[in-house]
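Please look over the sequence and the model below before reading on; the paragraphs that follow take up charged pairs and then a helix packing.

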Amino acid sequence: MNELRELLQDNLNIEFISAVLSNPRDKDKVTKVRVRPLLKKEQLVFQIETFCNNQAFHRNAPSGEACEILLGYLENMRQMQLTTTRYLYTVLVSKKGKVTVKKKARQTDCREVDRSHDRKKNYILKEGIPVPFLQDLGVMTEEGKVVRSRSDKFRQINRFLEFIEDILPELDRDRELTILDFGCGKSYLTFAVYYYLHELKQYDIRVIGLDLKKEVIRNCNELSRKYGYEKLTFLEGNIADYEGCTRVDMVVTLHACDTATDYALSKAVGWGAKVILSVPCCQHELNGQIDCEVLGPVLGYGLIRERMAALITDALRAQYLEQEGYDTQILEFIDMEHTPKNILIRAVRSGKRRENQEALRRCEEYLHVSPTLGRLLEEKGWDGGLAVRGENLPGKLLEREGNDR
């Protein structure tokens, strides 16, 4: 840890802007750490915000103490993003403790660092800095002020970008990356992904948004051309029939209805996508299938049955992805007060399969369910090996079954 100690000691100073520690080995411990500088009575300290079991805890410490605290958390974390006024650092820690540090000079002028104790949340896209696509989509005014009626959407966009920020070390900087957004709709988040990765982080990316609505696709393409986003395109089509790519690095599916999410996840596994980000919606399938005598007394209440079926659906989806060689998390996307559709499935391909087939089979038999994603993966025979090697799959990948959208 000497290299990490030197890195922190050299940068926990007046030039420090922020740090994020993420990707824990043990998910029962602290899962994420955020650090920012504070001035308290003219003394520079560092606020360390830790997240565990959907709770946040705060602690202020001077540089020396903060260094030791962060080193302790890094024993359980695989990565850290550290930003100063001059440099961006990406730190990766292997299972055996090998440390890899990538350092890059910042390309843009740095604003004065806000070290005040009581400040607004430090969003990735900041209020007061005009962002063209947010203006045209009605989230921001011309001056960069967030429209009050769209404040929830602004928070949602920033929250989603935080999930992407966590997995930046997983993305290859040495080649063009392909990102697919299935069911992009009005594309608030599609534009945000392109803007964040290409404009702010300077990744070479190609983003494709897919949706069934002609008018929506036309409008989004017009906006993309207006901003000069040459590698952001929108196409009309459904999830199950799309065949426009043979290699995909990230698959995004937000609020794809019912089993449309399963088709998108299946496609992602088939492509060997490095990252999957999915916010499911309207999980009806298992609600009509569950038949469990033991749970009968509680499943007799329609609302309870609906919610339990949705939660079980997403938990099984996560388990199927674990089987296929993905490290999978189920995370809170946005506070329940803003939307009940607040679960995000984030999966990062590791190649290490979870041997849980027998346990999953017993669970399915107990509940008398046959989820679409499990059947799709079984029918295609994707066992993790093909996807992990990143080989292309020949021919047509999926046939759409029924009306999923």
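In this predicted model, Glu 285 has a relative accessible area of 16% and is therefore buried, the cut-off being under 20%. Its salt-bridge partner is Arg 375, with the closest N and O atoms 3.5 Å apart, and the two lie in distant parts of the chain, 90 residues apart, Glu 285 in the loop between strand E12 (275-281) and helix H8 (296-299) and Arg 375 in helix H11 (residues 372-380). Arg 375, at a relative accessible area of 27%, is partly exposed.

The structure holds 23 salt bridges, among them one between Arg 5 and Glu 68, whose closest N and O atoms are 2.3 Å apart. This pair also links distant parts of the chain, since Arg 5 belongs to helix H1 (residues 2-11) and Glu 68 to helix H2 (residues 63-74), 63 residues apart. Arg 5 is partly exposed at 28% relative accessibility, and Glu 68 is partly exposed at 42%. A network of salt bridges links Arg 34, Arg 159, Glu 162 and Glu 165.

Glu 165 also takes part in a helix packing, for it is one of the H4 residues that contact H5. Helix H4 (residues 151-166) and helix H5 (residues 188-200) pack with their axes 10 Å apart and at an angle of about 50°, so the two helices are oblique to each other, and their crossing is right-handed. On the H4 side the contact includes Phe 160 and Leu 161, and on the H5 side Ala 192 and Tyr 196; the residues of this contact comprise 10 nonpolar, one polar and two charged.

Technical notes. Residues are numbered from 1 along each chain as its sequence is written. This is a predicted model: local features need pLDDT of at least 70, side-chain atom pairs count only at pLDDT 80 or more; totals for chains, interfaces and linings use all residues. Side-chain values use heavy atoms; hydrogens and water are left out. Axes are lines fitted to C-alpha atoms, for helices over the stretch in contact, and angles run from 0 to 180 degrees between N-to-C directions. Helices (H or I, at least four residues) and strands (E, at least two) are DSSP runs, numbered from the N terminus. Angles under 35 degrees count as roughly parallel, over 145 as roughly antiparallel, 65 to 115 as roughly perpendicular and the rest as oblique. A crossing is left-handed if the near helix is turned anticlockwise from the far one by less than a right angle, and right-handed if clockwise. Contact means heavy atoms within 4.5 Å. Ala, Val, Leu, Ile, Met, Phe, Trp, Tyr, Cys and Pro count as nonpolar, Asp, Glu, Lys and Arg as charged, and the others, Gly among them, as polar. A salt bridge is a side-chain nitrogen of Lys or Arg within 4 Å of a carboxyl oxygen of Asp or Glu. Buried means under 20% relative accessible area, exposed over 50%, partly exposed in between (1.4 Å probe, protein chains only).
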